[in-house]
Amino acid sequence: MIKLILLGAVVAAVALAAYIRLAPSDPARWHEDPRLVSRPGTPNFHLIRMVGGDAMPQVFQMPPDALAARLDEVARADGATLLAGSVEAHHMTYVTRTPLMGFPDYTSILIEPAGEGAMLLGFARARFGHSDMGNNRARLERWIAALDRPALSD
């Protein structure tokens, strides 16, 4: 009887892991505008926008096209996959997965003109769970820090 219970638990764990890795990501659900989203009720997100209580965007001394292209390069080098949007539209949503279990996280980026430069608005959030242990904040901060470094092709 114990062997049967253990086998059932193993099968359930494998099924859950398969669902987490293989569940489709609906672009219509995850491709969001950081200016318009509501703050989630769970702490598994990080939001950068011009609204009180959220992290404030940084202005970069490059045109919006260049910032969008550089962000795309940084995100892909970090293992992200473009789910929706485009560099040309300056609005992209990326999927990244945790190394061990493959939990998907979604990061929506919007690049807007700001004077002579451009600013990055972002909304990074986990699909599953209550807490992301700071991973979404760390990813956005890592991407932003890498934007000022030389491009990979230089």
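This is a predicted model: local features need pLDDT of at least 70, side-chain atom pairs count only at pLDDT 80 or more; totals for chains, interfaces and linings use all residues.
1. Now the helix itself. α3 covers residues 64-77, which makes 14 residues, and at 1.5 Å a residue it should span 20 Å.

2. Which residues of α3 are buried? They are P64, L67, A68, R70, L71, D72, V74 and A75. As for what lies over them, the cover includes the strands β2 (59-60), β4 (91-97), β5 (104-114) and β6 (117-126), along with helix α4 (135-147).

3. The largest nonpolar core has 22 residues, and L71 and L120 are the ones that touch the most other members. Two or more residues of this core come from each of α3, β4, β5, β6 and α4. Leaving aside residues up to four places away in sequence, L71 touches M92, Y94, I109, L120, W143 and L147.

4. Then there is the pairing of α3 with α4. The two helices pack at an angle of about 125°, and their axes are 9 Å apart. Angles of 65 to 115 degrees count as roughly perpendicular and those over 145 as roughly antiparallel, so α3 and α4 are oblique to each other. Their crossing is right-handed. On the α3 side, L67, R70, L71, V74 and A75 make the contact, while α4 brings W143, A146 and L147.

Methods:
Residues are numbered from 1 along each chain as its sequence is written. Side-chain values use heavy atoms; hydrogens and water are left out. Helices (H or I, at least four residues) and strands (E, at least two) are DSSP runs, numbered from the N terminus. The expected span of a helix is 1.5 Å times one less than its number of residues. Buried means under 20% relative accessible area, exposed over 50%, partly exposed in between (1.4 Å probe, protein chains only). Contact means heavy atoms within 4.5 Å. A nonpolar core is a set of buried Ala, Val, Leu, Ile, Met, Phe, Trp, Tyr and Cys residues joined through side-chain atoms within 4.5 Å. Axes are lines fitted to C-alpha atoms, for helices over the stretch in contact, and angles run from 0 to 180 degrees between N-to-C directions. Angles under 35 degrees count as roughly parallel, over 145 as roughly antiparallel, 65 to 115 as roughly perpendicular and the rest as oblique. A crossing is left-handed if the near helix is turned anticlockwise from the far one by less than a right angle, and right-handed if clockwise.
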